[in-house]
Structures are given as structure tokens and as C-alpha cells.
4 protein chains.
Amino acid sequence: MLTGKHVVFLGGDARQLEVIKRFIELDAQVSLVGFDNLQTPLSGTMQREWNTTVLEKADILILPIVGTDDQGNVASVFCSDNLTLTRKHMQALPKGSLIFTGMARPYLTQLCAEFDIHLFELLDRNDVAIYNSIPTVEGALMMAIQHTDITLHHANCVVLGLGRVGLSLARVLHAIGAKVSVGVRCPDDIARVFEMGLIPFQIKQLEQHVSHADIIFNTVPALVVQTSAINKMQHDVLIMDLATKPGGVDFKAAEKRGIKALLCPSLPGIVAPKTAGKILAQAITTLIDEVMIKEGLEA
Amino acid sequence: MLTGKHVVFLGGDARQLEVIKRFIELDAQVSLVGFDNLQTPLSGTMQREWNTTVLEKADILILPIVGTDDQGNVASVFCSDNLTLTRKHMQALPKGSLIFTGMARPYLTQLCAEFDIHLFELLDRNDVAIYNSIPTVEGALMMAIQHTDITLHHANCVVLGLGRVGLSLARVLHAIGAKVSVGVRCPDDIARVFEMGLIPFQIKQLEQHVSHADIIFNTVPALVVQTSAINKMQHDVLIMDLATKPGGVDFKAAEKRGIKALLCPSLPGIVAPKTAGKILAQAITTLIDEVMIKEGLEA
Amino acid sequence: MLTGKHVVFLGGDARQLEVIKRFIELDAQVSLVGFDNLQTPLSGTMQREWNTTVLEKADILILPIVGTDDQGNVASVFCSDNLTLTRKHMQALPKGSLIFTGMARPYLTQLCAEFDIHLFELLDRNDVAIYNSIPTVEGALMMAIQHTDITLHHANCVVLGLGRVGLSLARVLHAIGAKVSVGVRCPDDIARVFEMGLIPFQIKQLEQHVSHADIIFNTVPALVVQTSAINKMQHDVLIMDLATKPGGVDFKAAEKRGIKALLCPSLPGIVAPKTAGKILAQAITTLIDEVMIKEGLEA
Amino acid sequence: MLTGKHVVFLGGDARQLEVIKRFIELDAQVSLVGFDNLQTPLSGTMQREWNTTVLEKADILILPIVGTDDQGNVASVFCSDNLTLTRKHMQALPKGSLIFTGMARPYLTQLCAEFDIHLFELLDRNDVAIYNSIPTVEGALMMAIQHTDITLHHANCVVLGLGRVGLSLARVLHAIGAKVSVGVRCPDDIARVFEMGLIPFQIKQLEQHVSHADIIFNTVPALVVQTSAINKMQHDVLIMDLATKPGGVDFKAAEKRGIKALLCPSLPGIVAPKTAGKILAQAITTLIDEVMIKEGLEA
Ligand SMILES: NC(=O)c1ccc[n+]([C@@H]2O[C@H](COP(=O)([O-])OP(=O)(O)OC[C@H]3O[C@@H](n4cnc5c(N)ncnc54)[C@H](OP(=O)(O)O)[C@@H]3O)[C@@H](O)[C@H]2O)c1
Ligand SMILES: NC(=O)c1ccc[n+]([C@@H]2O[C@H](COP(=O)([O-])OP(=O)(O)OC[C@H]3O[C@@H](n4cnc5c(N)ncnc54)[C@H](OP(=O)(O)O)[C@@H]3O)[C@@H](O)[C@H]2O)c1
Ligand SMILES: NC(=O)c1ccc[n+]([C@@H]2O[C@H](COP(=O)([O-])OP(=O)(O)OC[C@H]3O[C@@H](n4cnc5c(N)ncnc54)[C@H](OP(=O)(O)O)[C@@H]3O)[C@@H](O)[C@H]2O)c1
Ligand SMILES: NC(=O)c1ccc[n+]([C@@H]2O[C@H](COP(=O)([O-])OP(=O)(O)OC[C@H]3O[C@@H](n4cnc5c(N)ncnc54)[C@H](OP(=O)(O)O)[C@@H]3O)[C@@H](O)[C@H]2O)c1
């Protein structure tokens, strides 16, 4: 239980609602900033203005998955105000308070370092990234079904990367009946792809493995789909780039050849905000438990 | 090859384009009626007006999947004219000519019987229905992902019916990681569901198996989801009715309880027109082959 | 409950023990004939001699899966005596009594007809055959692993028949990572095999699909693996014939070419007697329930 | 190609035959020691006595998977002589020669260090261990089917460890229809098990997860199945320990309770020597290529 702890939520999207609910269940004192247009008010929370006062008594500040941008702006789908996290806000936070976000830009990382605030990046954690790969894969499925005029069943699908997302994605595409080949860079991954019953290839030889592809899913956060490969593709191939901006696809080269290439950010929040929110809620509360145990607060 | 055969296409949607392409490949003489707004003209075909003349020399008339309505109207997404198939058109068709459609309403069946025209209903064929179940399932997946805020993975999914669509659907949901139970009515299907690793139940006891359901997919073309079951469901359950109109769900009862229930017709044509068209093309040409062999035309 | 019912078990193997246990649970009076060497005696049963007396008060007689042979002999792994079911035994059975077996030879069928005894053949029932396909498949897996020096993973496996056993077998081989092609004879099965993500072919064209096969599993109870196909196989192929004697393989032709071909009868009893026994117990009690309901005995 | 290279094979089992064949294909000069009873002689090889002479001109020495024991003895299924690798043999090997084995005991490691011979332990390599997990899993399947009287389908299976073997094993058991739970120790593995659709648990809480287990597969090379857990198991559970000797099971405690516990070593060599041999052949030749490239020998 978090009785007596003051938790401030600053902005976010539908996923954050699940996190808020969890904190209410855990009996924390919950303040919401930037949730003005919430359709059904969440009983047990208090709507607050964005200023330093709300932070002065905060134990925990929870930012959206995407944290801040490079100027400190915080996005919220539930309000139209501009919300900016600045030095003066950081100063207002009590020593020892914690900040949670999905991924932090240098702006946020530096502020936290400077003010000695413990920053937790949830998507950095391997387990969160794996749980998160599940809604990501379903989002990719949905978009692939939507944006092609063929079935995934029997389609030639190329997956690039066998990390947390790539592994889950390759497994599901295979299960649905797609013909899946996977581009990776190390011999272990070649072996694992083979064991999974899929076709492995060296990603640096990508251009030799795209000529029959119907759909290419990239999960590698580096420029791996380059002109040389794009030039070998069929005209009606679909490229879906799941890697975080700027992705791993030369979009200009794709456009030039008239090939449909989509950047597909934030799939979990789009297709399964409730599940995605629960994953975050679970991760945050586990981390808080760990901190409390370490600090001997859980006597 | 169908050299010398005259094939008339009347209306249809994107699926029909694949069928047309196949007939061009097979060297048939192809006339298109109701395809005025086709974006890229299909070389090797001739656009014609809808009148009896075009039919007088036809060997084969190909109608859309949904055939005609009860007044003989034929739908076409590629033109804005009204196209109606009437007695005078039937009269114009040469003896021995063939009509292909997906499913025929009594209007069409009766006309064909009266004029002694051989009518083929493609969706009647078991193999076509099985092939067609593949894009149907992908359409159902897409809609289920879209219309819920949770993942299918770990969701409690109930499938009703283990026919051509139900079997394919249950298998794929399981493969994606859903917890699948299947309502059926005969002991053989109970056994098959068990063998597939899913949870079988008697569909007449549906109301005992819905209280934890997150999504219910109906494939039974009979009213099986009734008030008694709907009253036992969670408020945020999603009901997707795949069965052909009027479906198998008491939509009024669902609406009354504020439960989201969707009728989901024509999924193959929506999510995978190219694959769906190829299935039809394959089925039609196989049937024509059989007819020709029977008639000794293939010397 | 079967309180007051007298059930006689005549012979059988380990599977029968599960059936016996179920009848004890259901409070029937259980007599065992031909179970002399049972290691742990089953409390609640009575060991009896094989004679007409034990049958005179029987309501139900339960024979082994394989029933009798053509001379009426009944096999039992638990005793060394000869047990033969003759006309005089049939005569001793009360009118209205029931006989259960797996499959009946004409000898048994005719005796039952003559004496007007209701005979139930369990393996005739579709649901029993489906449940039974599960241990059958595991037996086939075990033998295939044992009798080859390669892995099933990535092996070229050919399954003949897509009936109750064939469907289960093909699915499991695919799941393990084998490359599975399935020979069938009707277009529906071609479609289903395709939908399952496997490679379908016409069984009458078998010889065109065996040249790369590593293992061939036959489930068709008709001579489908003939010289013409055998001549096209690799020398180190393994043929496993699951179909009931005489199977569907020309064993002489295989031997001539030095190809290993195994007849694999009674797999469920060999690899999973407990599961197989439970399947039978379940089927028998369901059938008895139905009979009792029909006869209004379940007041 | 390895033209001109002299390769000596010392002992081994059926797997080694595939390795030998590969070296013949690559045009190496192949000497066999300890293969006296080979049924069909391998053309292109020479049978040699075990002495220092054969080593004096060797470029590569290939030992069996299990290398030597702690006294330097080398096992061979193809001969009855004692083969021992001693200091004098090491001394005879030319500088720069390579030794390959599966896993090396300290005896071998120390000798190689002392004489500055490059030793390659194949099973140390992640990719080899993954490929090898495939026949290991099939061996485990075979033994589990053999040693139980139930089907794996619907059986409660517990897998301990999610390493190279554990991951492959858990996936296959699930695919066959078992109910699989997996005991692991880090949160990432908990997440991956969940994503795979299986039930994760903390391995240190093993005793809370065994009471319904039908089969327990251990892949952890540390004593994880201890008395406390064994005491909670059903009497007819089967424990299969795949971890290398001494395994991870308290066999004494199991025996005391009359629980069947099997140590299952060397499964790949038992159930799929050909596939296992090919894996080794592939790994060795890849390594030799790398060495040659590094040494600039591949001009
Ligand atoms: N669109 C969405 O909604 C969404 C959701 C979740 C994640 N993501 C994004 O998707 C991407 C993948 O996430 P993840 O969790 O799967 O990451 P991950 O576990 O780190 O996997 C990355 C994969 O890319 C490979 N890789 C990295 N750099 C490479 C290079 N230069 N050349 C070739 N391969 C390279 C890695 O191979 P090695 O193992 O050999 O390093 C690994 O297979 C990330 O950008 C993440 O932010 C997007
Ligand atoms: N939405 C779309 O895009 C789309 C696409 C394809 C098909 N469909 C429609 O989906 C439906 C199912 O197609 P299908 O090919 O799967 O048909 P199907 O093979 O005939 O299967 C129908 C299933 O419903 C069961 N059933 C029928 N009447 C029943 C009743 N009164 N009570 C309980 N169960 C009953 C059948 O059980 P038994 O085997 O015991 O008879 C069978 O399991 C049809 O209406 C079809 O037109 C829609
Ligand atoms: N070894 C064991 O332990 C074990 C265990 C269980 C069963 N069995 C035996 O295995 C066999 C298969 O059992 P099942 O339950 O799967 O039977 P099933 O459901 O009747 O399936 C038989 C299959 O064979 C096909 N078939 C039949 N005659 C054919 C012919 N002349 N040409 C081509 N295909 C033909 C059928 O095709 P259609 O559908 O087109 O007719 C069907 O696909 C039986 O002999 C059964 O007794 C053995
Ligand atoms: N029987 C056979 O034929 C055969 C064939 C192949 C391999 N093997 C043997 O099988 C074993 C597993 O091989 P592998 O390739 O899967 O190894 P691996 O990839 O290293 O996996 C070992 C697993 O055990 C876990 N683990 C290690 N120490 C642990 C501890 N103290 N407590 C809890 N978990 C622990 C590891 O967890 P972390 O990831 O958290 O470290 C990992 O999940 C080895 O002993 C290997 O020699 C036997």
C-alpha cells in the first residue's frame, strides 16, 4: 500500500488511466495535472493546476510514456493547455522524490541529474519491453491487415531484428500462417530463428532477401532498409517501420520508388491502452516496492 | 484456356478485378458492365452498356459475390448506375450459358431455374468456404484489435460454431495467445476443440460461459446469443457477429444493456480483396474446367 | 450412479484398469474375469472364473478394445488362460444387457445380432476416435523419433489422410517444426490443409510427392502406398503405417527396396494406457447414461 | 576447401560420422583413430593406430563431444581399445594445430593451455547450443512419452530454466498441447514466458508449483529440485533431468519418496545422431574458416 504517498500525474494518454487507477487502489494521494477533459472523473483523485505548488509535496511524479520533448513540453490528450516541465518545477520537487516515464530525452535526463532526482525509464527495462511487445505486435498485425489487399496467411513477411519486439512479432506472424524470414546480425539469432521454424538471413545481405517480400516489418533502430534493398523490392510491397523515430527505413528512397512505407509509433497506446497501461502500472509499482525495500521503508 | 469464350462481368467490388485478370490470362473475351469508374483500365477487356445485347453472345455471366438483391439489383462499387438483372436479360442469355455468383437470393435462383440456366453458387462449395475463412479470420482479428482497448493475447475469447470459419478463427486466436473457448453442439466438435487445446462447451449452455468473456465471436447463422446470455456478460465485452445477416445475436438486447455488438459482413472483400478475388477466380475456373470436361468440350 | 448394476469385465490391457476404476466410482458391482495376475488388486471388485454363471446376472459386459478374434478368443494381458466368448455365453446373458468393445469382428457382431444383445463399438464413434487420435499421435511421434537418426524438426514429413488421426498428426508435426505435406482426395481437404499452413497434394499423385520425404505417415485404411510411389522414395525414408491391419502400405515392395516400413498398431494402449482408458471410460459411461435416459431408467 | 589439411579424428559416436563426411567433402586428408569396428568403411579416410606418429603431421585434432574424462580417456563406440590422450600426444602436435571437442574437462583445458594449442569447445558457443537444443527437445519428448502412461497433451508440465534448451522445450510442449509452466529467476524471463502464452513462476518458489505436475523437466545446471519441492509432488510424477551431470535434482530424495527421476544425458546423440553430427560439422567448419581468415590463409 502507498498510503500517505503523494503522486502527481502530469499529462499522458489513455494508458495513464490504468496507472492512475492502480495508485488509487494502493491508497496513494493522487493529483492530476493536464487531465481537464477527462470524460468520467476519477473519484479519489484531485485535478490540479500546473505550477510548482503541486510538486512541493510530491513523492512521485509520473510523466507520459514519451516523457518530455527536447524543450520540456509534456503531451496530454486530456487537455489543450501547454504543459512544460522546467527547472523551476524540478527545484520544487522534494529531495528523494522519484520521476517515472517511458523514455527520457536528454532534456529530462540532464534536469534529473542536475537536481539529483531519481529518474526511472520504464521502457528501458527488459521485462517492460517484453510485455510491451505484445500490444506492439497486435498493432502491427492490425495495420498490416489494414494496409494490404492480401492476407497475412501465406504472405512473404520479412522481420528485421530479433529483439524483444522482433521475437514476438516473428512468432505471431508464423502462427497466423505467414511465411516469415528474419534478418539478424549474430549467429545466435540465426540459430534461434531456425529453431523457431523460420528462415534466417544476415541483415547486411538484406537486398538479397526482399525481392519476393509482401510486407517488411522493421524493428531495428538503425538505418537498415537502405536504397540498395528498396530498389530490389516489388512495387506493391508494404514497409512498416516499428522502430522509434527516425526508424530504420530510408523513407525518401521508398517514396521515390512509390513504395508504401509507414512509420508506426506508439502502437500499444493506440490498440490496447488498457493492457499497455496495466503493464506500466505493474512496472511502476514493482519499482516503487523495490525502492521502498531498499530504503527500509517497508518495515 | 478459354479462347473463344465470351465472359460478361456485371458489377462487383475489388475482388472481381482478380477474377477478370484471370479470365484475361486464360484468353477469354471479356466484357465489363458497371465498371465505368475503374481507375486503371484493364487492357484486354471491353466496357459495355447494361442491356440484353451484351448477353446474347455470352457463354458465362459473372455476378458479384452477393449476387442480386430480392429485386434483382446488382451492386457495383465501380459505377453509380442502377444495374438490375431482369427476366428479359435472362431470356437473352443463350441456352447452356453459365452464371457464377457467391450466394444467390431466391430471386436469382428462381430466374435461373425458370430459364434453365446453370447457376453456380461459389460460397456453397466447402472448399471455397474454407479458403474464404482465411481472410474472414484476418478481418475478424483486425476488428477485434481495433474495437477493444486490451490485447487479444490473454483475452478471454469465446468462439461460437466450429464450422469452416469457426475452426480457422479458433486456431488463430489460440496461436496469438488468447484464451479460447468454443461453443458447439455435437460431441465430435467437443472432442475436436479439446484436441486443439481449447476449452469446449455446449452452445446451448452459452449463458454459463460468458461471464468472463472479453470478446465473443459468433459464426453460427442462427439466433444463439440471446438475452439470457447477454444478461450474464460483462458490460465492456465486445460481440462480433460474423454470421451472414441477420446474424446470430440479439442486437436489441445487447443495445439495451449498452453492450457493443457489431455485425461484420464481407470481411474478405474489405481486408484482402486481392486474396479473396484469387480464391474466387480459382474456384470459377476449376468449375468451368469441370463443366467443359463433362461436356466433352476439352477434347 | 450405477448402484445395483452388475458389470463384467472380460480381459483387456492396462487401459481397462481406468474403465474399471470409473465403474467402481460409479458404485457398480464389478466382476473381473481374466485379471488373475493383476499386480495390485482393485478393491471393490471380485475376481471370477470364466463361465456362464458370471454372466447370468450381468447388466453389462465389457470386452477389450480389440473385442474378440474371428474364433471368439478374447485377449488379456493379465492372465494366461484362454478366454473364449461362445454361443453358450451369449445365451447366458440376460435380455437387455449391453456389450461394449472397441471394434467388433463379424464373429461378435453376428452373435450379438442373433441373441439380440445391444453391441456398442466405441471406436466407431467420431468423438472417441478424435480423443483417441491424441495418444495415437504421441505414439507416432515417439516411434518416429526413435526410428530415425534425424530430427523431426525440419524433416520432410508426408501425412496420408486428413481424417481424425491425420488432422491431429499433421497439426502436431507442423507445431514441432517439421515440413509437412498432406495427401488427401477431396478439394475440401486440400483447402483445409492449405489453411493449416501445410502443403496439400492429391493422394493419387503420391508418387510425385515422395522423392524428398524423410518420413511417411499413413493413416488411410486402403492400399495407397504402392510400388510406384515406393520406387520414387529415398532409401533411408521411414514409412510408418498407422492404419489398422493390413494397413495401407505395400510392405513387400518396401522390403524389396530395403526401405524401413513399420506397422504401428495400438499406439494409445502402448504409450498412454491411462489416458486411453479414461477416454474409453468416459465414452462408455456417456453411452450408458444415454441408454438409461432412453429407457426412462433415470427417474 | 581444406585441401592439404590433415585432420585426425580420435574416437566418438555416430555423430562423428557426419563430421568426417563433411571433411571428406572439403577434401581434407582424414585419419581415423578408434574407428576399427566401423560397419561401412568411409572411403577417403585412413584407419590409424593411436600413437604420437599420427599426430605429428596433424593440423586439426577432433575429439568426441564429451572430450576426455579427468584422466584423459577418450570414449569411442567404434572400438574396444582404451584411448588415452596424454602429455606425450600433446607434445607431438605441431604448433598452431587446433583441437575441437564438445565440452572440455579441466584435464584437457590445462593440457591445451600448457602446450599452447588452440582448443575450441563447441557446446560453449551459443549458436551450437541453440541448434543442439532441437534434438535435445525431441529426445526429451520421446522419453516423456515412453515413461508416462498419460499423454503430454493436457498434462501439467513444469519446465525449469528458460535458457537455450528450456526455451525450445517449453515452446514444443505447448505446441503439443501440454499445460506448461516455467520456473525462472529473472523478471525478463517471467515476461517472456508470459508472452509465449505459458505460466511463469519464480524458481525459488518451486515447491508451490509442483503439486499438480505430471512431468517436471529440469534444464538448470544447479540443484534446484530439492527435498522441499519433491515432498510436495504427486507420487506418480515423472522428473526428467536434462542438465549435465550431476544434474539439478536431488535424486536421493526422489528415490526415497518412490518418485521416478531420470537423468537424461546425450539426447541429441541418441535420438538424432545425424542431425547432431551435422550441427557439429557445420560449427567446426565455420570456426576453421574464421581461423583461416584471421590468419590470412584464405587469400
Ligand atoms: N512502434 C511501437 O509502437 C514500438 C513499440 C515497442 C518498441 N518500439 C521500438 O522498436 C524498436 C525495437 O524494440 P525492441 O524492444 O525489440 O529493441 P531490442 O530488443 O533492442 O531489439 C533491437 C533489435 O535490433 C537489432 N539491431 C540493433 N542495431 C542494429 C544494427 N545496427 N544492425 C542490425 N541489427 C541491429 C538488435 O540486434 P542485436 O541483438 O544483435 O543487437 C535487435 O535484434 C525500438 O526502436 C523501440 O523503441 C516501437
Ligand atoms: N462476415 C464475413 O465476412 C463472413 C465470411 C465467411 C462466412 N460468413 C458467414 O459466417 C457463417 C459461418 O460460416 P461457415 O462457413 O463457418 O459455416 P458452417 O461451416 O456451416 O458453420 C456453421 C457452424 O454453426 C453451427 N450451427 C449451425 N446452426 C446451429 C444452431 N442452430 N445451433 C448451434 N450451432 C449451429 C454449425 O454446427 P454443426 O456443424 O453442428 O451444424 C457449425 O459449427 C455463415 O453465416 C457465413 O455466411 C461470414
Ligand atoms: N495405430 C493406431 O494406434 C491407431 C489409432 C487410431 C486409429 N488407427 C487407425 O488409423 C486409421 C485412420 O483412422 P481415422 O480415425 O483417422 O479414420 P478416418 O477419420 O476415417 O480417416 C481416414 C482417412 O483416410 C482417407 N481415405 C479413406 N479411404 C481412402 C482411399 N481409398 N483413398 C484415399 N484416402 C482414403 C479418408 O479420406 P475421406 O475423408 O476423403 O474419406 C480420411 O482422410 C484407421 O485405420 C484406424 O483404425 C490406428
Ligand atoms: N541432456 C542432454 O542431452 C543435453 C543437451 C543439451 C544441453 N544439456 C544440458 O542442459 C543444461 C541447460 O543447457 P542450456 O543450453 O539451456 O543452458 P543455458 O542456456 O545456460 O540455460 C540454463 C538455464 O538455467 C538457469 N539457471 C542457471 N543457474 C541457475 C540457478 N542457480 N538457479 C536458477 N536458474 C538457473 C539459467 O537462468 P539465467 O538465464 O537466469 O542464468 C537458464 O535459464 C546444461 O547443463 C547443458 O549441459 C543437456
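Predicted model: local features only at pLDDT ≥ 70, side-chain atom pairs only at ≥ 80, totals over all residues.
Residues are numbered from 1 along each chain as its sequence is written, chains are lettered from A and ligands numbered from 1 in the order in which they are written, and side-chain values use heavy atoms, with hydrogens and water left out.

I then looked up two further contacts of ligand 3: a polar side-chain atom of T244(C) lies 2.4 Å from an oxygen atom of the ligand, and a backbone N or O atom of L242(C) lies 3.0 Å from a nitrogen atom of the ligand. Of the 930 Å² of accessible area that ligand 3 has on its own, the protein covers 74% (Shrake-Rupley method, 1.4 Å probe).

For the shell, I found 20 residues around ligand 3, with R164(C), R185(C), T244(C), C264(C) and L267(C) the closest; a residue is near if one of its heavy atoms lies within 4 Å. Helix 6 (164–176) and helix 10 (267–271) of chain C each supply at least two of the shell residues, helices being DSSP runs of H or I with at least four residues and strands runs of E with at least two, numbered from the N terminus.

Next I turned to strand 10 (residues 179–184) of chain C, which is largely enclosed by the rest of the structure because five of its six residues are buried, that is, under 20% relative accessible area with a 1.4 Å probe and protein chains only. Strand 9 (residues 156–160) of chain C runs parallel to strand 10 of chain C and is joined to it by five bridges (DSSP must find at least two for a pair), with C157(C) standing opposite V180(C).

On the other pairing, I recorded four bridges between strand 10 of chain C and strand 11 (residues 199–202) of chain C, again running parallel, and S181(C) stands opposite I199(C).

Key: Polar contact = N/O pair within 3.5 Å; in protein donor to acceptor, adjacent residues only side chain to side chain. Buried < 20%, exposed > 50% of the residue type's maximum accessible area, 1.4 Å probe, protein only.
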